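User: I am new to this structure and would like to learn how to read some of its features. Please take them one at a time.

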Amino acid sequence: MEQESQGKTWNYVEVITDRDTSAEDYNWIAAVTDFALYNSIKNAFSFGGDLRSLRIPTGINDLHGVTFGRNHDTIREINSNAINPYSDPSDSFLATAYVLARESGTPLILNWDNRDSSFIKHGVKFRQIMHQRGNQGKYFNRH
């Protein structure tokens, strides 16, 4: 498979963290979905949330974990058993912008969000530029 895809395949494991399941139990296999971070940013970007909680957000211990503002499991309109969905779906766009601006993690963007939200293309480009600058040793002051 690696040869057929010329090294461009990437796999991840969907792990929904709950009382008896931890993403860290699976991240040795592949990158895992970061539902802990999702819950943290969902609380920060929802009505009455506190953005100060994102100074040190709760998330899994995996720099390459799959981060998202929302995914197919969290959308009430397509999943009757949605996991911690947003009351106001537009809040998820703020969360997605945050995910794209973070240094760590591998952002997962829903196809229709990419199509329907013009800022996502700009956020992806910003992330690519920052990654490229980091590879060149041109880091910005993080303080």
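**Cavities and a helix pair**

Analyst: The structure holds two cavities of 30 Å³ or more. This is a predicted model, where local features need pLDDT of at least 70 and side-chain atom pairs count only at pLDDT 80 or more, while totals for chains, interfaces and linings use all residues. Residues are numbered from 1 along each chain as its sequence is written, and side-chain values use heavy atoms, with hydrogens and water left out.

User: What lines the largest cavity?

Analyst: A cavity is a set of points, on a 1 Å grid over the protein atoms alone, where a 1.4 Å probe fits but cannot get out; lining residues have an atom within 4 Å of a point. Here the lining consists of R70, T74, I75, R76, E77, P85, Y86, P89 and S92. The volume of the largest cavity is about 70 Å³, a volume being the space filled by probe spheres set on the points.

User: Which residues line the second largest cavity?

Analyst: They are G69, R70, T96, L108, I109, L110, D113 and I120. That cavity has a volume of about 30 Å³.

User: At what angle do helix α3 and helix α5 pack?

Analyst: An angle runs from 0 to 180 degrees between N-to-C directions, and axes are lines fitted to C-alpha atoms, for helices over the stretch in contact. Helices are DSSP runs (H or I, at least four residues), numbered from the N terminus. For α3 (residues 91–101) and α5 (residues 118–135) the angle is about 15 degrees, with the axes 8 Å apart. Angles under 35 degrees count as roughly parallel, so α3 and α5 are roughly parallel to each other.

User: Which residues of α3 and α5 meet?

Analyst: Contact means heavy atoms within 4.5 Å. On the α3 side are F93, T96, A97, V99, L100 and A101, and on the α5 side F119, I120, G123, V124, F126 and R127.

Note on methods. Helices (H or I, at least four residues) and strands (E, at least two) are DSSP runs, numbered from the N terminus. Angles under 35 degrees count as roughly parallel, over 145 as roughly antiparallel, 65 to 115 as roughly perpendicular and the rest as oblique. On a 1 Å grid over the protein atoms alone, a cavity is a set of points where a 1.4 Å probe fits but cannot get out, and a pocket is an open set with protein on both sides within 12 Å along at least five of seven lines; lining residues have an atom within 4 Å of a point.
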